[in-house]
Amino acid sequence: IEGAKVEIKDSNGTIVTTTPTVTTDANGQVKVEKLPIGEYTVTVKEVPGDYKVTCDGIDTQVVEETTTPTKYEFEVTKKVGHLLVTVTEQGDATKKIVNAEVNVSGEGYNKNFKTNANGQVEVKNLPVGEYKVTVNSVPDNYKVVGDNFDTEKVNEDATTAYSFVVTKKVGNLTVVVTEKNNKDNKIDCYKIIVGLRAIKEQ
């Protein structure tokens, strides 16, 4: 990891480098030469924004008289957070939409999910950053209200929640009333004919 800041102190607690910390190079390394033999405390004080040290970041090392440098490795992991997406029906937030397909993409991540019985998709341990959340499809007779996508920021150790709202598709029904005559051309009765002439999504 390039750009991590490391502090090195001797057994007296004195920093042995010319600056309070030294910064890892492109190989993730810090090299300090010609140290007197003795015990040193090495501390990772800071790592780049989206990372964190997996341990406490402190270790004690003994430098001995040798041509082989004393080495110690610290491991870091990406900071992570969680994302919770809910799909509900317009006008009734208690009505959850099951089996809507939701895509989550960003930070090298791209995956499709189906909403559960609670109308939700929960994605845990996403690296912190921005993600595009898209509703790819919803059950028949529904459509998304407004945009079917949004960009959300996932923060460390937090759950980012976002809701999409859907509404039922609607169409038109035409009712036609026609006159029915008998042989004498006298009005006998009326017959109602329900004509499904044009049922289209609006």
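Colour the chain by pLDDT, the predictor's confidence in each residue from 0 to 100: in this predicted model the mean is 86, and 87% of the residues reach 70 or more. Residues are numbered from 1 along each chain as its sequence is written. Local features need pLDDT of at least 70 and side-chain atom pairs count only at 80 or more, while totals for chains, interfaces and linings use all residues, and side-chain values use heavy atoms, with hydrogens and water left out.

Select residues 186–200 next, where pLDDT stays under 50 and the model has 28 contacts (heavy atoms within 4.5 Å) beyond four places in sequence. Where pLDDT is low, the predicted coordinates should not be read in detail.

Then select Val30, Lys31, Thr70, Lys71 and Tyr72, which, of the 33 residues lining the largest pocket, are the closest to its centre.

Finish with tyrosine 162 and phenylalanine 164, which form the one aromatic pair in the structure, where a pair means ring centres within 6.5 Å. The centres lie 4.9 Å apart with 75° between the planes, so the pair is edge-to-face (over 60 degrees). Tyrosine 162 is partly exposed at 25% relative accessibility, whereas phenylalanine 164 is buried at 2%, given that buried means under 20% relative accessible area, exposed over 50% and partly exposed in between, with a 1.4 Å probe and protein chains only.

Conventions. 1 Å grid on protein atoms, 1.4 Å probe; cavity = no way out; pocket = protein on both sides within 12 Å on 5 of 7 lines; lining within 4 Å. Phe/Tyr/Trp six-rings, centres within 6.5 Å; stacked < 30°, edge-to-face > 60°.
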